Amino acid sequence: MILTLYNTRSLFIKLIKSHNAILLGILGAIFGIIGTYLGIWYKGAIINYRDVGVIFTSLIGGFPSAFIAGGIASAHRLFLGGISAIPCAIGTFLSGIIAASIHYLTHGNPSIITIFFTASFAETVHLAIARYMIFPESLAIDITHKIFIPMVVVNTFGVTLLATMFKNFEWQMQLVSKITTNWFISIFEELIGTINTKNSEQNISKICQIIAQNSPVDGVFVTSQNSIISKYPEDLNLEIDYKKSIKSKKILKFFKNGTWYIVFPITIGDDTAGTLIFFSKDKMKEVHIFFGKKIVHILSLVFSIQKAVIEAKLAKEAQLREFTSKLSPHFLFNTLSTVRYFSNVEPKKSVECIDKLSELLRYIYERKDKLTTLESEINAIENYLGIMKMRYPEILEYKINCPKIDVKIPPFIFQPVIENAIKYGRKNNKIKIEISCHINEDRIRIEIRDHGPGIDKITMGTGLKLVSERLKLIYNNQASLLFENSNGLKVIFDLPAR
C-alpha cells in the first residue's frame, strides 16, 4: 500500500533501476529485519517473511546485495536466539546467494515465473536446513512440517508480489512518459516561435494558451513571486496560496471549492522565479505531475533565454553571442523528431533525450561570464554527443578522457569542432570522435580527433573561424588552434591554464 503512493513509488523505482548494490542490500536487510519482528514464534522458531527482502534485492542487485542483505538479516536473526537461530540464519543467507545466482544467470532480468520458482526453491532449501539442524529430531519434524506451507507461500508470494509491482510500475511510468512526451513535443514546437524579447508578458500568455490547449488540464496560471503574470482562460480565479511552493521549492497539491490545483515552482539557477499552476475539475493524476515537471523545464528555459538575449544586447562580446546562435535550428528540430520517434518505440530514451537537450540549451543560454570551467564545457559536449548518438546509434562512437582539471576556458569553443567532425569525419560509414585533456605546468592541451579523411577534405567554416578569432582576442595571441592529419583530423587547443 505504501509503494502505491506516487513519491514512494518513484523513489522505489529509482532505487531499483539504479542497481546500487549497497543501497539495495541495506533495503533488503531492513525488509528482512521487519519480516523477522512481525513473525510468529512457534516452539523456539519464527514463522516469518524475512527472506522476502533478501531474495528480492539479491535478484536485482546480485551478489553484493546478497552479502549485505543476507549478512545483516542473518546476523539479526542469530542475535534473537532460539533453537532455530543458527539454521535460520544460514537459510536466510543462502536464500540471498541462490537469488543472486539467478540474477547472474539471467543477466539481472529474471521473468516473474523465474522469480516465483527461485523464491520457492530458496525457501525449501531454508526449511530443509532447519529440518536437519534442529534437535531433537522430533521437534525439528514438528516445526518444519507445521511451518513449511505458510513460510513457502508467504515468502514466495511476497517476492513475486514485489517483483510484479515493480514491473507494473515500470510499465506505467513508460506509458506516462509516452503520453506526456507527445504533449511535450507539441507544446515545444509551438513555444519555439514565441520567444519575443520585446513583450515577455505576451509570450507567457501565449505559452499558457498553448499548454492548456495541448494538455488534459482545464486551465493554466503562470505567476511571478508575488503576482499572477498570465492565465488561460482569462476568466479563471486563483484561490490558493501558491507562495508556499515558492518558499518550499516543492511541488504542492491543493483541493479547494471542488477544484484541483498542482503548483510547480519555476527555478532559474538557485532562484525561484515564480510558479506554473495546473487547474482541473478532475482529480490530478501522476501523468499531470510528470508532464508539469517537463513543462517547467521549458518555461525556465524560455525565461532564461529571454533574459540572456536581453543581456546579450548589452554585452561587449558580440561574437560570442553570434557564435552561440550557431546551434542550428536543424539540430533542434531533428532532435525533436528523434524524441518523437523514441516516444513511440522507447519512451525512456525520449525522456533522456529531452533532459539532455534541456541541459544543453540551459548551458548555452544561461552563460554570463567570459570564461567557464573545463568540466562544464565537457558536460555540454557530452550532452550534445549523447543526443547525436541517439540519432546515429550505429554510426557514431565517441570517447572522452578529460579528468577533472580546475581551469577556466572560453565557453562554446569545442562545439564547432565537434559539429565539423560529425559532418566531415565519416569513414566507412562510421564516425569516431575522441576527446582528451592534458595539463603541463601552466598550459592545457585539449585534443579532439576524428578518424575521417583528414584536413585536406574539409574547409574552415564560420564556426571554426570564430573560435580561432575568439582565442586570439581573449588570450592576446597566447593561445593557438592547430590542425593535424593523424589518421583523420586532430584539432588541438593549446591554452594558458588559468
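This is a predicted model: local features need pLDDT of at least 70, side-chain atom pairs count only at pLDDT 80 or more; totals for chains, interfaces and linings use all residues.

Q: How many bridges join S13 to S15, and which way do they run?
A: Seven bridges, and the two strands run antiparallel.

Q: And S12 to S13, how many bridges there?
A: Eight, and that pair is antiparallel too. Within it, Ile439 stands opposite Ile444 in S13.

Q: What's going on in the hairpin of S12 and S13?
A: There are two residues between the strands, and Glu441 takes a positive phi near 55°.

Q: Which residues have the most contacts inside the largest nonpolar core?
A: Leu374, Phe414, Ile433, Phe493 and Leu495, in a core of 40 residues.

Q: Which one gives the most?
A: H14, with seven residues.

Q: What is Ile433 in contact with, leaving aside its neighbours within four places in sequence?
A: Quite a list: Leu385, Leu396, Glu397, Tyr398, Lys399, Ile418, Ala421, Ile422, Ile448 and Arg449.

Q: What about another core, apart from that one?
A: There's one of 24 residues, and Leu3, Leu24, Leu162 and Phe166 are among them. As a general point, nonpolar side chains tend to be buried together in soluble globular proteins.

Q: Switching to cysteines. How many disulfides does a search of the whole structure find?
A: One. Cys402 and Cys437 form it, with their sulfur atoms 1.9 Å apart.

Q: Right-handed or left-handed?
A: Right-handed, because the torsion about the S-S bond is about 65°.

Q: Where do the two cysteines lie?
A: Cys402 lies in the loop between strand S9 (396-401) and strand S10 (408-409), while Cys437 is in strand S12, so the pair ties together parts that are 35 residues apart in sequence.

Q: Is it buried or exposed, that Cys437?
A: Buried, with a relative accessible area of 4%. Cys88 also counts as buried, at 6%, and Cys208 is buried at 0%.

Q: OK, new topic: helix H3. How many of its twelve residues are buried?
A: Twelve of the twelve, so H3 is largely enclosed by the rest of the structure. That includes Arg50 and Asp51, along with Val54, Ile55 and Phe56.

Q: What should H3 span, and how far apart are its end C-alpha atoms?
A: At 1.5 Å a residue, residues 50-61 should span 16 Å; the end C-alpha atoms are 17 Å apart, which agrees.

Q: What happens just after H3?
A: Gly62 takes a positive phi of about 80°.

Q: Which residues does His126 touch, not counting those up to four places away in sequence?
A: Arg50, Asp51, Cys88, Gly91, Thr92 and Ser95. Arg50 and Asp51 are among the buried residues of H3. His126 itself has its place in helix H6 (residues 112-133), and it is buried, with a relative accessible area of 1%.

Q: And Ser10, where is that found?
A: In helix H1 (residues 6-18). Ser10 is buried, with a relative accessible area of 16%, and the cut-off for buried is under 20%.

Q: How far is Ser10 from Phe169, C-alpha to C-alpha?
A: They're separated by 8.7 Å, though the two are 159 residues apart along the chain.

Q: Which elements have the lowest and highest mean pLDDT?
A: Helix H11 (residues 318-324) has the lowest, at 49, and helix H4 (residues 63-80) the highest, at 96. Over residues 314-323 the pLDDT is below 50, and this stretch has 22 contacts in the model beyond near neighbours in sequence.

Q: Last one: how many helices and strands in the protein?
A: 16 helices and 15 strands. Of the 498 residues, 51% count as buried.

Definitions and conventions
Residues are numbered from 1 along each chain as its sequence is written. Side-chain values use heavy atoms; hydrogens and water are left out. Helices (H or I, at least four residues) and strands (E, at least two) are DSSP runs, numbered from the N terminus. The expected span of a helix is 1.5 Å times one less than its number of residues. Buried means under 20% relative accessible area, exposed over 50%, partly exposed in between (1.4 Å probe, protein chains only). A nonpolar core is a set of buried Ala, Val, Leu, Ile, Met, Phe, Trp, Tyr and Cys residues joined through side-chain atoms within 4.5 Å. Contact means heavy atoms within 4.5 Å. Two strands pair if DSSP finds at least two bridges between them. pLDDT is the predictor's confidence in each residue, from 0 to 100. A disulfide is a pair of cysteine sulfur atoms within 2.5 Å.
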